[in-house]
Amino acid sequence: MRKNIVAGNWKMNCSLSEGKKLASEVINMVQDEIKSDTQVILIPPFIHLTSIQSLIGSSAQVSLGAQNCSQHAKGAYTGEVSAEMLISAGATSVILGHSERREYFNESDELLADKVKFALENSLTPIFCCGEKLEVREAGNHEQLVGAQINQALFGLSEDEIQKVVIAYEPVWAIGTGVTASADQAQEMHAFIRSQITSNYNQEIANSVSILYGGSVKPENAKEIFSQEDVDGGLIGGASLKSRDFTNIIKAFD
Ligand code: PGA
């Protein structure tokens with residue numbers, strides 16, 4: 001059965017001391033308060049990975065993720081961070097294709113296909129983000145666009161590989177805007193994504209892939225969104241920076 005996952009993407013926020021405080025609070029709250037076996041992933045900026053990993057230790061429920069990684073193994077790529085470095089710092093997953101990377105750093109689905117493949121070859125779990133902008137939704141082309149994103153970046157993977165990917169559906173119009181997709185809109189897109197996995201692989205594989213929703217998830221709306229059949233958790237931005245809010249979102253699965 002697929003896992004429920006709540007991942008906190010800190011983006012470019014938190015000094016080292018702020019990050020350590022935040023992570024410690026979340027780790028303690030998860031240990032003391034969470035009843036479900038929901039997997040929690042903390043995704044700080046690269047420079048804090050090692051420090052946050054030493055706080056996570058060998059927790060069974062909390063793990064470490066990174067916000068991006070290079071498609072290259074090593075070499076003269078100033079400013080880049082490799083999959084091997086992430087693994088050596090304790091990360092087990094990596095966000096790939098976040099809309100901010102697509103928008104500000106021109107990441108294409110072609111590049112993301114390489115990054116996904118490369119992450120998997122290095123035993124990192126890709127958290128692959130897809131989602132449409134507002135004008136695409138208004139034009140009624142959201143399924144077509146998200147279908148093309150996952151087709152180009154993911155559907156070249158083998159049956160074995162696709163089952164190791166986590167997908168995050170994040171409508172761009174809902175990211176950091178305070179506007180959340182309705183539970184129905186989220187379910188509709190998650191079911192669509194799962195149906196695409198079924199058509200390209202099979203039903204059993206589709207049922208094994210966790211699909212997270214992202215975009216203005218808060219403690220107040222998490223329960224309704226996460227209770228949808230095809231929503232297996234969330235990728236949380238703003239609300240992951242407050243330990244109480246983030247923990248209350250994780251509690252939506254309790
Ligand atoms: P948000 O961000 O929760 O602040 O909307 C989500 C994301 O970008 O992953």
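A polar contact is taken here as a pair of N or O atoms within 3.5 Å; within protein, one atom must be able to donate a hydrogen and the other to accept it, and residues adjacent in sequence count only if both atoms are side-chain atoms. By this criterion, the side chain of Glu-161 meets the backbone nitrogen of Ser-158 at 2.8 Å. Glu-161 belongs to helix α8, residues 159–162; helices (H or I, at least four residues) and strands (E, at least two) are DSSP runs, numbered from the N terminus. Glu-161 is also buried, with a relative accessible area of 16%, where buried means under 20% relative accessible area, exposed over 50%, and partly exposed in between (1.4 Å probe, protein chains only).

The model is predicted, and local features need pLDDT of at least 70, side-chain atom pairs count only at pLDDT 80 or more, and totals for chains, interfaces and linings use all residues. Residues are numbered from 1 along each chain as its sequence is written, and side-chain values use heavy atoms, with hydrogens and water left out.

The ligand is surrounded by 13 residues, the closest being Lys-11, His-98, Glu-170, Gly-176 and Ser-216; a residue counts as near if one of its heavy atoms lies within 4 Å of the molecule. By class, this shell holds four nonpolar, seven polar and two charged residues, with Ala, Val, Leu, Ile, Met, Phe, Trp, Tyr, Cys and Pro counted as nonpolar, Asp, Glu, Lys and Arg as charged, and the others, Gly among them, as polar. The side chain of Glu-170 places an N or O atom 2.6 Å from an oxygen atom of the ligand. The protein covers 95% of the 280 Å² of accessible area that the ligand has on its own, as computed by the Shrake-Rupley method with a 1.4 Å probe; for residues, only the protein chains shown count as cover.

His-98 lies between β4 (93–96) and α4 (99–104) and is buried at 5% relative accessible area. The C-alpha atom of His-98 is 9.0 Å from that of Gly-131, although 33 residues separate the two along the chain. Ser-216 occupies the loop between β7 (211–214) and α11; this serine is buried too, with a relative accessible area of 15%.

Most residues other than glycine have a negative phi. In Ser-216, however, phi is positive, near 55°. Cys-14, likewise not a glycine, has a positive phi of about 85°. Cys-14 is found in the loop between β1 (5–9) and α1 (16–33) and, at 23% relative accessibility, is partly exposed.

Helix α11, which spans residues 219–226, has Asn-221, Ala-222, Ile-225 and Phe-226 buried. Seen down the axis of α11, these buried residues fall within an arc of 125°, so they line one face of the helix; the arc is that of the directions from the helix axis to the C-beta atoms. An α-helix has 3.6 residues a turn, so residues three or four places apart point the same way. The other side of α11 carries the exposed residues Glu-220, Lys-223 and Glu-224.

The cysteines complete another part of the picture. A search of the whole structure returns zero disulfides, a disulfide being a pair of cysteine sulfur atoms within 2.5 Å. For Cys-69, the nearest cysteine sulfur is that of Cys-129, 13 Å away, and Cys-69 is buried at 1% relative accessible area. The sulfur of Cys-130 is 7.5 Å from the closest cysteine sulfur, in Cys-129, which is too far for a bond. Cys-130 is buried as well, at 3% relative accessibility.

Ile-167, in strand β6 (residues 166–169), has a relative accessible area of 0%. Ser-240 lies in the loop between β8 (233–236) and α12 (243–250) and is buried at 1% relative accessible area.
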